[in-house]
Amino acid sequence: ALRGALRGARPLPVPRRGLAKPAAPQSVRPLREAEEAAPVFQYAGKAAKRKDRVFVWGFCYSGALGIPSFVKPDAGWKRPRRIQATPYRLETEEKISSAACGYGFTLLSSRTTDITKVWGMGLNKDSQLGFQRSRRDRTKGYEYILEPSPVPLPLEKPQQTRVLQVSCGRAHSLILTDSEGVFTMGNNSYGQCGRKVVEDETYSESHVIHQLKDFDSRVVQVVCGQDHSLFRTQKGTVYACGWGADGQTGLGHYNITSVPTKLRGDIAGVNIVQVSSYGDCCLAVSDEGDVFGWGNSEYLQLASVTETTQVNVPKHLPFKIGKIKEAACGGTGNVVLTEEGNVFVWGYGILGKGPNLIETAVPEMIPPSLFGWSDFNPDIRVAHVRCGLSHFAALTNRGELFVWGKNLRGCLGTGRMEDHYFPWRVTVPGEVVDVACGVDHMVSMVKSF
Amino acid sequence: VRFLPAPGRDCATELVPTMVPVLAEHPLVRGPRFRRLKIGAGHRLDVKASGVFVLGISHGNKLLTDLYNCHLSRAYTVGGLFGKATDDFSDTGKLVEKTTFDHITREKLERVLAVIQGTNHKALLMHSNIDMKTQEAYELAVRGLIRPMGKSPPIITAVRCLQFAPPEFQLEIHCLHETQQYLRKIVHEIGLELKSSAVCTQVRRTRDGVFTLDDALLRSQWNLQNIRSAIWSCQLKVQAEIERTL
């Protein structure tokens with residue numbers, strides 16, 4: 001009926017073929033009206049939260065990256081990946097607050113009150129990730145863990161205690177909780193787990209997790225060296241146990257210590273706010289900005305105060321570089337961060353000032369222009385420094401990650417296999433909050449945009 | 001010979017060729033007769049953009065090639081608008097999508113700009129073809145002088161947010177080997193990264209190597225005296241830059 005009415009009103013329209021609209025020049029008004037009438041899409045709400053992500057990179061065969069398809073690919077024709085040279089996203093169930101990389105294994109922990117608080121992946125030949133029951137044989141455990149698996153902890157109040165920090169050494173690991181002390185697991189052949197050394201103990205598939213509670217106050221930081229452990233308490237004292245042949249326990253002798261003992265020397269009475277170690281040398285920072293060192297000094301780490309190659313009592317390092325905020329120890333080199341945001345390195349190896357600087361006993365500053373400082377961005381500052389065995393990492397206040405040092409099996413994460421003699425950016429899709437450095441792999445905690 | 005409207009009529013719609021007196025015909029004028037001028041153009045500036053455009057006149061064309069080989073950076077002021085996405089990344093194109101933008105803050109924009117700067121800085125070092133293991137590479141990197149001296153994809157050396165008033169924002173971009181369409185694409189990608197969309201409203205070149213806005217002549221200033229004084233004042237700068245780089 002409508003059609004008939006229209007027919008009477010207008011002449012018959014010319015039959016068209018093909019295009020519905022004539023090819024006349026488009027006038028502005030209908031276009032603008034069409035634009036206004038277009039639907040508006042919303043991709044993110046006003047209060048959209050930034051997600052927390054974990055990125056890993058480095059050597060994959062040990063399973064320390066936590067992605068099983070790198071070691072055992074999904075399809076038969078794919079080949080296992082030896083090195084992950086750029087950051088790769090690791091999916092985790094919870095927000096990871098602390099991560100630590102050991103020698104071929106990784107521990108991730110979250111501040112949740114759920115039962116599962118710590119996940120481990122990588123090498124487990126010394127039960128450094130606890131006992132991971134094998135699914136094929138209920139009496140045996142796994143030697144290599146390829147994806148983040150929960151670490152069972154014997155907590156008294158599992159739904160109230162929170163795990164604050166984890167730390168990993170060569171074959172042992174330490175887990176710090178807020179109310180139940182420190183849990184240690186792994187190799188104890190030098191007493192690094194804080195319990196008595198048992199002769200001929202087999203550490204693989206062991207269920208032993210030792211709990212350490214008697215310190216003078218609550219432990220607030222745990223640090224693992226290669227075969228020794230350091231504990232820092234709230235009062236500012238430092239305890240140590242483990243192998244001491246290089247003096248890294250700082251107790252005045254070169255023997256093994258199997259019970260955490262308080263350190264004296266230049267540290268006695270000083271309020272220590274940060275301890276760091278990864279190899280056989282240790283550094284501690286006091287609240288007044290002084291730095292103390294002990295342990296191995298074969299690579300000139302402590303050569304500014306002494307000629308001996310092993311120092312077994314903490315010694316004050318009188319550097320005139322300003323108040324020190326943070327220190328990090330590597331295998332052969334050390335790095336400190338001052339209050340102004342300057343980075344100083346010393347020791348042996350690729351220190352970050354070009355290929356000509358191989359060793360120095362006195363700290364040398366790395367120019368801030370290498371970290372992105374320029375007239376255009378004058379307020380970029382380095383916020384944290386971290387050390388792996390032969391490489392260094394620095395985080396700026398803008399959330400950028402700079403790495404330099406020896407690129408062992410792709411641990412630097414820059415996408416190139418060569419060593420970097422000065423700080424080089426790592427492209428991570430997000431703002432890097434924290435990073436943990438290992439021997440040949442790294443883990444970073446990142447906030448998305 | 002000039003084409004002038006026919007004299008004597010009010011509504012002149014025809015143009016009549018007439019001989020106009022020219023200074024060069026005067027018997028007392030000496031010197032070579034310029035019939036043509038060889039003018040060469042510097043780095044391209046497309047139709048929708050504006051700003052500093054370098055021209056070389058006759059002997060200056062050789063300097064233009066030298067300046068091109070110096071690979072100096074250029075500075076642009078880029079204006080953008082959140083909420084729209086078009087097919088050619090500018091606000092005169094066909095609309096593709098409209099999105100909300102109320103979740104965008106200046107902090108998020110600065111974060112995205114920091115990431116862009118970081119990745120481009122890495123590209124700068126990689127395309128410069130210098131062996132990173134040498135001490136000279138380290139010295140140049142400290143001073144910030146590493147840049148690609150050959151062909152390379154567009155690289156942004158610095159980005160800064162000048163103004164942010166949603167939905168509009170303005171950026172200052174210093175870049176190398178770029179085209180204006182690449183800058184518009186960058187604005188579009190910034191919009192995508194912030195989970196919204198953006199179009200580019202304005203591209204204005206504020207600096208081309210050593211030539212800044214102060215040296216540039218406006219359309220109303222295109223006469224002989226101004227051009228001569230501009231060439232005179234820029235000569236020293238150009239010489240110094242060429243000697244420094246080559």
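**Salt bridges and the interface**

Me: How many salt bridges are there over all chains?

Reply: The count comes to 25 salt bridges over all chains. A salt bridge here is a side-chain nitrogen of Lys or Arg within 4 Å of a carboxyl oxygen of Asp or Glu. This is a predicted model, where local features need pLDDT of at least 70, side-chain atom pairs count only at pLDDT 80 or more, and totals for chains, interfaces and linings use all residues. Residues are numbered from 1 along each chain as its sequence is written, chains are lettered from A and ligands numbered from 1 in the order in which they are written, and side-chain values use heavy atoms, with hydrogens and water left out.

Me: Which residue does Lys447(A) pair with in a salt bridge?

Reply: Asp52(A). The N to O distance is 3.8 Å.

Me: What area is buried between chain A and chain B?

Reply: About 3,500 Å². Carbon and sulfur atoms give 60% of that area. Buried area is the accessible area (1.4 Å probe) that two parts lose on being put together, summed over both.

Me: How many salt bridges cross the interface of chain A and chain B?

Reply: The rule finds 1 salt bridge there. Glu431(A) pairs with Arg111(B), and their closest N and O atoms are 3.3 Å apart. Side chains of opposite charge can pair when their charged atoms come close.

Me: And how many residue pairs are in polar contact there?

Reply: 8 residue pairs between chain A and chain B, both at pLDDT 80 or more. A polar contact is a pair of N or O atoms within 3.5 Å; within protein, one must be able to donate a hydrogen and the other to accept it, and residues adjacent in sequence count only if both atoms are side-chain atoms.

Me: Where does S1(A) join chain B?

Reply: 2 bridges join S1(A) to strand S8 (residues 95-99) of chain B, and the two run parallel. Strands pair if DSSP finds at least two bridges between them. Val40(A) stands opposite Lys98(B) in S8(B).

Me: Switching topic. What does UniProt list for residues 49-331 of chain A?

Reply: The annotation there is "domain: RCC1-like", from an unreviewed entry. UniProt positions are given in the numbering used here, feature names are shortened, and annotations may be inferred rather than shown by experiment. The span is 1% helix and 40% strand, and its end C-alpha atoms lie 39 Å apart.

Me: What about residues 36-179 of chain B?

Reply: UniProt lists "domain: Pseudouridine synthase II N-terminal" for them, also in an unreviewed entry. That stretch is 29% helix and 31% strand.

Me: Where is Arg207(B), and which side chains does it make polar contacts with?

Reply: Arg207(B) lies in strand S11 (residues 198-208) of chain B. Its side chain makes a polar contact with the side chain of Ser73(B) at 3.0 Å. Another goes to the side chain of His174(B) at 3.2 Å.

Me: Which residues does a cis peptide bond join?

Reply: Pro166(B) and Pro167(B), with omega about 5°. Pro167(B) lies in the loop between strand S9 (155-165) and strand S10 (168-176) of chain B.

Me: And what is the phi of His71(B)?

Reply: It is positive, about 50°, although His71(B) is not a glycine. Most residues other than glycine have a negative phi, and most peptide bonds are trans.

Conventions:
Helix = DSSP H or I, 4+ residues; strand = E, 2+ residues; numbered from the N terminus.
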